[in-house]
Amino acid sequence: MPRPLLIFDLEGTLGDIFLADEYRLRPSLFLRPGLVDDLQKLRSDSEQYTIALATKAIPKQTELFLSYVQQQGFEFDGIHQSDA
């Protein structure tokens, strides 16, 4: 039996990402409180969900977010990056 699929949207749902620009010296991540812990709890539930990310963020923003969650010990099962 296939695992249930959970798809999360990055922009405004999981958090917001601001890249370095003339006003910011370095990128900033504003993520929902407990985001990585909650994703890990979903992953460890007995039903074992498939967890995916869908985003319209530019690739640099997505890479920054994915790098952060990977450093915290979480990886998405799938990623959909839309150009629209």
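Trainee: How many bridges join E4 to E5, and do the two run parallel or antiparallel?

Mentor: Strands of a sheet pair through backbone hydrogen bonds, either parallel or antiparallel. Here 4 bridges join E4 to E5, and the two run parallel. Two strands count as paired if DSSP finds at least two bridges between them. The model is predicted, so local features need pLDDT of at least 70 and side-chain atom pairs count only at pLDDT 80 or more, while totals for chains, interfaces and linings use all residues. Residues are numbered from 1 along each chain as its sequence is written, and side-chain values use heavy atoms, with hydrogens and water left out.

Trainee: Which elements does the protein have, and in what order do they run?

Mentor: Helices (H or I, at least four residues) and strands (E, at least two) are DSSP runs, numbered from the N terminus. The protein has 2 helices and 5 strands. From the N terminus on, they run β-β-β-α-β-α-β. The C-alpha trace spans about 50 × 30 × 20 Å along its principal axes.

Trainee: What is the strand order in the open sheet?

Mentor: The open sheet has 3 strands in the order E1-E4-E5, with parallel pairing. Its edge strands are E1 (5–9) and E5 (78–81), and each pairs on one side only. The twist averages 20° from one strand to the next. For that angle, axes are lines fitted to C-alpha atoms (for helices over the stretch in contact), and angles run from 0 to 180 degrees between N-to-C directions.

Trainee: Which residues stand opposite each other?

Mentor: Take E1 and E4 (residues 50–55), which pair in the parallel sense over 5 bridges. The bridge partner of Asp9 in E4 is Ala54. Towards E5, Leu53 stands opposite Ile79.

Trainee: What handedness does the β-α-β unit of E4, H2 and E5 have?

Mentor: A crossover is right-handed if, with the strands pointing away from the viewer, the path from the first strand over the helix to the second runs clockwise. E4, H2 and E5 make a right-handed unit of this kind.

Trainee: How far apart are the end C-alpha atoms of H2?

Mentor: The expected span of a helix is 1.5 Å times one less than its number of residues. The 13 residues of H2 should therefore span 18 Å, and its end C-alpha atoms are 18 Å apart, which agrees. Just after H2, Gly73 takes a positive phi of about 95°.

Trainee: Which residues of H2 are buried?

Mentor: Buried means under 20% relative accessible area, exposed means over 50%, and partly exposed lies in between (1.4 Å probe, protein chains only). An α-helix has 3.6 residues a turn, so residues three or four places apart point the same way. In H2, the buried residues are Gln61, Thr62, Phe65, Leu66 and Val69. They cover an arc of only 125° around the axis, so they sit on the same side of H2. The arc is that of the directions from the helix axis to the C-beta atoms. The face turned away from this buried side carries the exposed residues Lys60, Glu63 and Gln71.

Trainee: What do the buried residues of H2 pack against?

Mentor: Contact means heavy atoms within 4.5 Å. The buried residues of H2 pack against E2 (15–18), E3 (28–31), H1 (35–44), E4 and E5. Gln61 lies in H2 (residues 59–71). At 18% relative accessibility, Gln61 counts as buried. Leaving aside neighbours within four places in sequence, Gln61 is in contact with Ile17 and Leu19.

Trainee: Which residues of H1 are buried?

Mentor: Leu35, Val36 and Leu39 are buried in H1. They cover an arc of only 95° around the axis, which puts them on the same side of H1. The exposed residues Lys41 and Ser44 are on the face turned away from that side. The buried residues of H1 pack against E1, E3, E4 and H2.

Trainee: What does Asp16 touch?

Mentor: Asp16 is found in E2. At 33% relative accessibility, Asp16 counts as partly exposed. Not counting residues up to four places away in sequence, Asp16 touches Glu11, Ser28, Leu29 and Phe30. Asp16 and Leu31 are 15 residues apart in sequence and 6.4 Å apart in space, C-alpha to C-alpha.
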